Amino acid sequence: MIQMLTEMFSYNFIIRAFIVGTLVSLCAALLGVTLVLKRYSMIGDGLSHVGFGALAVAASLNLAPLEVAVPVIIIAAFLLLRLSENSKINGDAAIAIISSTALAIGVVCVSVSGVNTDLNSYLFGSILATTTADAIMCAVLAVVVIVIYVIFYNKIFAVTFDETFSKATGLKTGIYNTVIALLTALTIVIGMRIMGTLLISALIIFPALSSMRLCKKFKSVIICSGILSLCCFFAGMCASYSFDTPTGASVVIVNAVVFFTFWLISFIREKRKS
Amino acid sequence: MSLVKIENASMGYEGKVIVPNLSININDGDYVCIVGENGSGKTTLMKCLLGLIKPLSGSVSFGDGLRQNEIGYLPQQTILQKDFPASVYEVVLSGCLNKKHTLFYSKEQKKMALSNMEKVGIISLKKKCFRELSGGQKQRVMLARALCATHKMLILDEPVTGLDPMAATDMYALIKNLNKSGITIVMVSHDITAAVNNSSKILHLSKNDYFYGTAHQYLHSDIGRKFMITDCPCDDCQHHNHKKDNGGEC
């Protein structure tokens, strides 16, 4: 076991992926709780599809992937948030339209420019994709996300629990919703190269759902979610290394297993109570 | 100076007037019940008082040192809150956010949250999970949170919806006590009997018209007679109706 770990961490690309992955898992877990509770889970999914479109366009135009993806996803996040708030337009239908359009644009771009080999790595993630420059940028963004989240923690709780009350008592809810959208966008950008654009939303949703099964306080849900996410990422990465499976998918499977275990525990607990 | 002064205000959404030309004063210590049929604009008026929407014309002004964001608000519970993992303490504390713009809760805010929890009798539930409480307990938690946001005035949106009769009676007693301790209450309600029994003033909204006066005046007004299912129990009315039963006073 220890031998495997030392062998694993003797590769530079694994260390880079590990650092980025750890930070992304933490960000995703923190935001995931808010997104799931606000019923915004699908925004994360929609954004990751937009991310795929942006990556594909960047690749076919020979631009740096992250520099294109960051602004595009941030703009998409604002757009999706506005659409979900506006009751006249059906929010989830709007997300479906935007995400499938972005996906289609991405696929067309990739096929026209002939960079087929990357398609798979965009969709399902690649541990090899992170360059040192990427890793540094991801680390900075992740730290920004975590710091902002901690600073606004109480307000984010209030806005998540009861937006109307917060607004009535003078909290600028629009600002905090925007902050949440912005942080989500950043998390997806930094996570999608390793996890893949199709799998990154699992990282946001699973840890939050798992910890909500068992925890009873908001703070403990957040902390538990963070710890779970880190453990799952680590376990997934080790599994991926030793069984030679794709990293993103392995992490998602570990997360799913943990979720079902937690679900089972809470189910048995409730049965015992009644 | 009255606490809230509404002058010739019409309220509604996107140019569509729902409450036309309303002029009322709410004084310090009042217990006002807003009643009326569905769609008569109770919620619209409440949103206007809370500053969630602006009046289309006329004015809503606050006096006696009350600021709009210092009104405590007890909203109807949303579906989101059904499975929300948060402790009672966390929920109550979140009511303090309008006081000071600090990043984390101060000692005073924590003290205030605890004393408000004591006031509504939920101090023993402090560490309980909000989603596991009964309907009545949940409403008390929301009431404690609303108290954290105000010293002067509470707006309650149908506070007994979904409560069993016992819990509803307890809730009304609690609200009455808060009113006696000096907090002005504005309550939107469908429970007309409880409104007449508890409140000092009644605002009845109906299409193109409204009634605002004491509960006694309301019972003797045309609009009130039409809306009350039971007759007024006061001596005059009972005598007038040739009934022998002479229950309590109005």
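**Entry 1: A:Asp244**

I looked up A:Asp244 and located it in the loop of chain A between helix H12 (218–243) and helix H13 (247–273). Helices here are DSSP runs of H or I with at least four residues, strands are runs of E with at least two, and both are numbered from the N terminus. I noted that the model is predicted, that local features need pLDDT of at least 70, that side-chain atom pairs count only at pLDDT 80 or more, and that totals for chains, interfaces and linings use all residues. Residues are numbered from 1 along each chain as its sequence is written, while chains are lettered from A and ligands numbered from 1 in the order in which they are written.

I then read the backbone angle: phi of A:Asp244 is near 60°, a positive value in a residue other than glycine. Most residues other than glycine have a negative phi. I classed A:Asp244 as exposed because 8 other C-beta atoms lie within 10 Å. The cut-offs are 12 or fewer such atoms for exposed, 20 or more for buried, and partly exposed in between, with C-beta atoms placed from the backbone.

**Entry 2: B:Asn21**

I turned to B:Asn21, which is found in strand S2 (residues 16–26) of chain B. Its phi is near 50°, again positive in a residue other than glycine. B:Asn21 is partly exposed, because it has 15 other C-beta atoms within 10 Å.

**Entry 3: chain B as a whole**

I recorded 9 helices and 9 strands in chain B. The C-alpha trace of chain B spans about 60 × 45 × 35 Å along its principal axes. Of the 250 residues of chain B, 40% count as buried.

**Entry 4: the two domains of chain B**

I found chain B divided into domain 1 (1–66 + 152–250) and domain 2 (79–150); such bounds come from an automatic or database domain assignment. In chain B, 10 residues of domain 1 are in contact with 6 residues of domain 2, contact meaning C-beta atoms, placed from the backbone, within 7 Å. On the domain 1 side that touches domain 2, strand S6 (153–157) and helix H5 (165–180) of chain B each supply at least two residues. H5(B) gives the largest share of that side, 4 residues.

Technical notes:
Two residues are in contact if their C-beta atoms, placed from the backbone, lie within 7 Å.
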